[in-house]
Amino acid sequence: MKEPVPRTSEAPEADEMETAYDHVQQLEWSFANLPVLHAAAECGLLGLIATEDRVTATQAADQLGLHPAATVKILRALASMGILRGQEDTFEMRGGYRPLFDPGSAIHHANGQRHIFELSQMWARELPGFLETGAWTKTPRDPESMARFVGSMRALSYGMTGRLHQALDLTQSRHLVDFGGGLGTYSIELCLRTPTLRATVIDVEAVAPLTTQEIDRHGLSDRVEALAGDYHQAPLPEDMDVALFANVMHQERRDGVARLIDRAAAALRPGGRVVVVDFTLEESRAEPSLGAFFAINMRLFGDTYTPGDFRDWMTAAGLTDVTRTDLGPNKLMIVGHKP
Ligand SMILES: C[S@@+](CC[C@H](N)C(=O)[O-])C[C@H]1O[C@@H](n2cnc3c(N)ncnc32)[C@H](O)[C@@H]1O
């Protein structure tokens, strides 16, 4: 590496307009993260680096049939994004990222990332019309895209399972019902970590058979079952003592959330808990940005809500001791207790 060029002085102080300009430029260029990640994943570059100790740009380009000069630029961008460590044109992946990008790993993130990339294209297409009319072209899901969607949910949710397990003591719980549980990622991981727990995953007809396959794959068919149906109506087990709504409430309007919480609270055993895990907004409803963005993503059929909203719905349903736990920069857990 070359010697650094000496600095002459501190950077000039920026006035308010200049600071605003820097901020806007940073926001605008944040668009580049997603296409770089997407291209690097789809051509196999991220997968290759995830499985090698370290590679040079030339080796990677040779192995994958890519253009060497273009490859080094993408690798440097990935290093600047914090995913790789790079020295000149030799790169290695930072440890925590390897399981996400290793194609052989159980938590390979490819589906999740593809889903987000498709969302970005859809947003660019649909937002102007949405603003004008509130409408958003609905793309009906065929079975294949449904499988891709729930697969992407699995990839996106998996990273949260360890934190949820730490935050939620289930050692005294018997039966968790996972409303809109998708492939059962939370139920499966929580049951693997809590040998005394059983779970029922409720999801729509198109998803439940895929959930059953996941449960079987993890050897949990004696403790976890998938139930096909609408979570507003499906029968609930009598011994339910945890009602989990993970990434579900944002797809409901306010009256839908209230109905789900009422229904769960009424069916819980005394001492049971309603647990909501979701993107939320703080009470100002102006932060964090992922909560605000997610509200757009839910168009007009869903929204993001605040911890105070959930406390009000839970209290109205007769739950007490409502608490909030931050599960990461963008996810909260709200728990209400049935006396
Ligand atoms: C965003 S995904 C969340 C999946 C899972 N809870 C997770 O966090 O990984 C929402 C899930 O709710 C399911 N869902 C939507 N409406 C439903 C309904 N009325 N009854 C049952 N499931 C529903 C969808 O099929 C989807 O699997």
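How do H4 and H5 lie relative to each other: parallel, antiparallel, perpendicular or oblique? Keep that in mind while you set up the view.

This is a predicted model, in which local features need pLDDT of at least 70, side-chain atom pairs count only at pLDDT 80 or more, and totals for chains, interfaces and linings use all residues. Residues are numbered from 1 along each chain as its sequence is written.

**Stop 1: H4 and H5**

Select residues 57-64 for helix H4 and residues 68-80 for helix H5. Helices here are DSSP runs of H or I with at least four residues, strands are runs of E with at least two, and both are numbered from the N terminus. The two helices pack at an angle of about 120 degrees, with their axes 9 Å apart. Axes are lines fitted to C-alpha atoms, for helices over the stretch in contact, and angles run from 0 to 180 degrees between N-to-C directions. H4 and H5 are therefore oblique to each other. On this scale, angles under 35 degrees are roughly parallel, over 145 roughly antiparallel, 65 to 115 roughly perpendicular, and the rest oblique.

The crossing of H4 and H5 is right-handed.

Now show side chains. Ala57, Thr58, Ala60 and Ala61 of H4 make the contact with Pro68, Thr71, Val72 and Leu75 of H5. Residues are in contact if their C-beta atoms, placed from the backbone, lie within 7 Å. This contact has six nonpolar, two polar and no charged residues. Ala, Val, Leu, Ile, Met, Phe, Trp, Tyr, Cys and Pro count as nonpolar, Asp, Glu, Lys and Arg as charged, and the others, Gly among them, as polar.

**Stop 2: the three-stranded sheet**

Three strands form an open sheet in the order E1-E3-E2, with antiparallel pairing. Strands pair if DSSP finds at least two bridges between them. At the edges are E1 (55-56) and E2 (84-87), each pairing on one side only. H5 packs on this sheet and touches E2 and E3; its direction makes about 120 degrees with that of E2.

Next, pick E3 (residues 90-93), which four bridges join to E2. Look for Gly86: its bridge partner in E3 is Phe91.

**Stop 3: H2 and its two neighbours**

Select H2, residues 33-42. The axes of H2 and H5 come within 10 Å and cross at roughly 120 degrees. That makes H2 oblique to H5. The crossing is left-handed. Val36, Ala39 and Ala40 in H2 meet Ile74, Ala77 and Leu78 in H5. That contact has six nonpolar, no polar and no charged residues.

On the H2 side, Leu34, Leu37, His38 and Ala41 make the contact; on the H7 side, Ala110, Gln113, Ile116, Phe117 and Ser120 do. Here the classes are six nonpolar, three polar and no charged.

**Stop 4: the seven-stranded sheet**

Move on to the open sheet of seven strands, in the order E6-E5-E4-E7-E8-E10-E9, with mixed pairing. Its edge strands are E6 (224-228) and E9 (320-326). The twist averages 20 degrees from one strand to the next.

Zoom in on E9 and E10 (residues 332-337). They run antiparallel and are joined by five bridges. Thr323 has Val335 of E10 as its bridge partner.

**Stop 5: the ligand**

Which residues are closest to the ligand? Of the 18 surrounding residues, they are Ser157, Gly180, Gly182, Ala246 and Asn247. Helix H8 (143-167) and strand E5 (198-203) each supply at least two residues of the shell. H8 gives the largest share, three residues. By class, the shell has eight nonpolar, eight polar and two charged residues.

Centre on Asn247. Its phi is near 60 degrees, a positive value in a residue other than glycine. Asn247 sits in the loop between strand E7 (242-246) and helix H11 (254-267).

**Last stop: a cis bond**

Select Glu287 and Pro288. The peptide bond between them is cis, with omega near -5 degrees. Pro288 lies in the loop between strand E8 (273-278) and helix H12 (289-297).

Notes
Near = placed C-beta within 6 Å. Contact = placed C-beta atoms within 7 Å. Left-handed = near helix turned anticlockwise from the far one by under 90°.
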